[in-house]
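This report covers side-chain contacts.

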Amino acid sequence: METGHRITIDKNTRYQEIVGFGPALTGASCYNILKMSPEDRAALLEELFDTEKGLGISMVRVSIGSSDFSVNKDFTWCDEKGIENFSVPVEDALYLIPILKEVYKINPNLQILASPWTCPLWMKRMSVNDDSDFVYSGDPNVSSWAGGSLKPSCYDDYAKYFVLWIQAMQKEGFNIYGITVQNEPLNAGNTASVYMTWQEQRDFIKQSLGPAFAEAGLATKIICYDHNYNGYNYPINIFNDKEAAKYVAGSAWHDYNGTLADMDNIVTAAPDKEIYFTEASIGRWNYSFAGKLISDMSNIFMGTMERGCKGVTLWNLALDENNGPYRHHGCYTCYGAITISSTTHKVVERLSHYYDIAHCTKVVKNGAVRIGTRGNDITNLSCQAFMNPDGSYGVLLLNKSIKGESQTVVLDNGVHSIKCEVPLRSVVSVIWKD
């Protein structure tokens, strides 16, 4: 009989369904990948997205229009005034769409979660309290696309903009699983951004966006908030409005401010609403491989999933050795999950986010259900178990201890038991089928 900490896997105790894990497929990421030779690019995309030979990345986040990691300029899909002028922008036609087409040949079941950094400029007013047209302040320290507020008079046009974008992407063959209404709605200083109070987001959803999705027959989920842990009252206030709440599947979260425990407030206030984690960065200010591998697996992955999170995306897939390309006023100290040389156009490094995602995607498949465990109340050792659609079991083990000995764990589902060694400061992923 195996010796070690015995953890019982209980497939009859079921929690949330898992949609997927992956990185943000930004314009910069697509640009760097397209610079690779066709052979190297095909090998990398197979490594990342193939569900048998590779990691099997199951979800990506994309921006609707530009983000702070676009290549050449800020843009939307309707820069010329009038929603009738909606069209595919040059930069997405050059970078995003070609890479997505290659990815979908490898994994046609990839789920896409999309977020706008800004509405078209002609839809903006100066602020919530100033209804005059948006005008760049001229401040060289602020992006010309930063700030402003969505005009209430443009609610219907902006709702139509979302519908047209989803339909255009579906026409290209891409599954848009969900959209968030606004990336970081309380951050008016991003290189492209819109400031949106919870009252504005609530009104936009219930007056225009929700009805527009219903009229178009879209199955794409509407997800609110998409900002830091400490702003949990924002989605709670939206959920408290019955007219808005009926259109909203759940909320999305970043970890730049507040703590994971703040998410408990949304679990308590809205247990019927879904949770997604959509953005976290590594960079010069916070990075060590071991430190971020362990802390991000603990908090962003296992910590949020313990609270019902259905999917995790990180920021972002592929940057060069200069942490770019990035937009002026964007993050010039951020790292990607992988680094691609700007001279050789080959992968030169795989960072902690790559391995955090890999541990999850290799053993927790799209459509998996988190299931119960017993006996895992072991200091500094975390365990989560999942039942995959094919009947296989996926288990994530995390040892946060920095001193002492490795942990010996016996996973027991009542049919088979598996003995695992979990070294100090390590992540171990396990998959098996009875």
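Which residues do ring pairs link into a cluster? They are Trp77, Phe86, Tyr155, Tyr158, Tyr161, Phe162, Trp165 and Phe204. The model is predicted.

## Aromatic pairs

The structure holds 24 aromatic pairs. One of them joins phenylalanine 289 and tyrosine 355. Their ring centres are 5.7 Å apart and their planes meet at 75 degrees, so the pair is edge-to-face. Phenylalanine 289 belongs to helix 9 (residues 289–306), and tyrosine 355 to helix 10 (residues 352–363). The pair therefore ties together parts that are 66 residues apart in sequence. Phenylalanine 289 is partly exposed, at 37% relative accessible area. Tyrosine 355 is also partly exposed, at 32%.

Tyrosine 326 and tyrosine 332 form a tilted pair. The centres are 6.4 Å apart, with 45 degrees between the planes. Tyrosine 326 is partly exposed, with 35% relative accessibility. For tyrosine 332 the value is 49%, which still counts as partly exposed because exposed means over 50%.

## Charges over rings

Lysine 124 places its charged end over the ring of phenylalanine 134. The distance to the ring centre is 4.5 Å. Arginine 350 does likewise with tyrosine 354: its charged end sits over the ring, 5.7 Å from the centre.

## Cysteines

How many disulfides does a search of the whole structure find? The search finds one. Cysteine 331 and cysteine 334 are its partners, with an S to S distance of 2.2 Å. The torsion about their S-S bond is about 105 degrees, so the disulfide is right-handed. Both ends are buried: cysteine 331 has a relative accessible area of 19%, and cysteine 334 has 4%.

A disulfide needs the two sulfur atoms within 2.5 Å. Cysteine 119 is buried, at 1% relative accessible area. Cysteine 224 is in no disulfide either. Its nearest cysteine sulfur belongs to cysteine 309, 14 Å away. Cysteine 224 is buried, with a relative accessible area of 0%.

## Salt bridges

There are 20 salt bridges in the structure. Arginine 41 pairs with glutamate 102, and the closest N and O atoms are 3.1 Å apart. Arginine 41 lies in helix 2 (residues 38–49) and glutamate 102 in helix 3 (residues 90–106), so this bridge ties together parts that are 61 residues apart in sequence. Arginine 41 is buried, at 12% relative accessible area. Glutamate 102 is partly exposed, at 25%.

Aspartate 131 and arginine 125 also meet in a salt bridge, at 3.7 Å from N to O.

## A strand link and a network

Lysine 221 forms a salt bridge with glutamate 274. The closest N and O atoms are 3.1 Å apart. This pair links distant parts of the chain, 53 residues apart. Lysine 221 is in strand 9 (residues 221–228), and glutamate 274 is in strand 11 (residues 274–279). Lysine 221 is partly exposed, at 23% relative accessibility.

Which residues do salt bridges with shared partners join into one network? Arg61, Asp226 and Glu279 make up that network.

Technical notes:
Residues are numbered from 1 along each chain as its sequence is written. This is a predicted model: local features need pLDDT of at least 70, side-chain atom pairs count only at pLDDT 80 or more; totals for chains, interfaces and linings use all residues. Side-chain values use heavy atoms; hydrogens and water are left out. Rings of Phe, Tyr and Trp (its six-membered ring) pair if their centres lie within 6.5 Å; planes under 30 degrees apart count as stacked, over 60 as edge-to-face and the rest as tilted. Helices (H or I, at least four residues) and strands (E, at least two) are DSSP runs, numbered from the N terminus. Buried means under 20% relative accessible area, exposed over 50%, partly exposed in between (1.4 Å probe, protein chains only). A charge sits over a ring if NZ of Lys or CZ of Arg is within 6 Å of the ring centre and within 35 degrees of the ring normal. A salt bridge is a side-chain nitrogen of Lys or Arg within 4 Å of a carboxyl oxygen of Asp or Glu.
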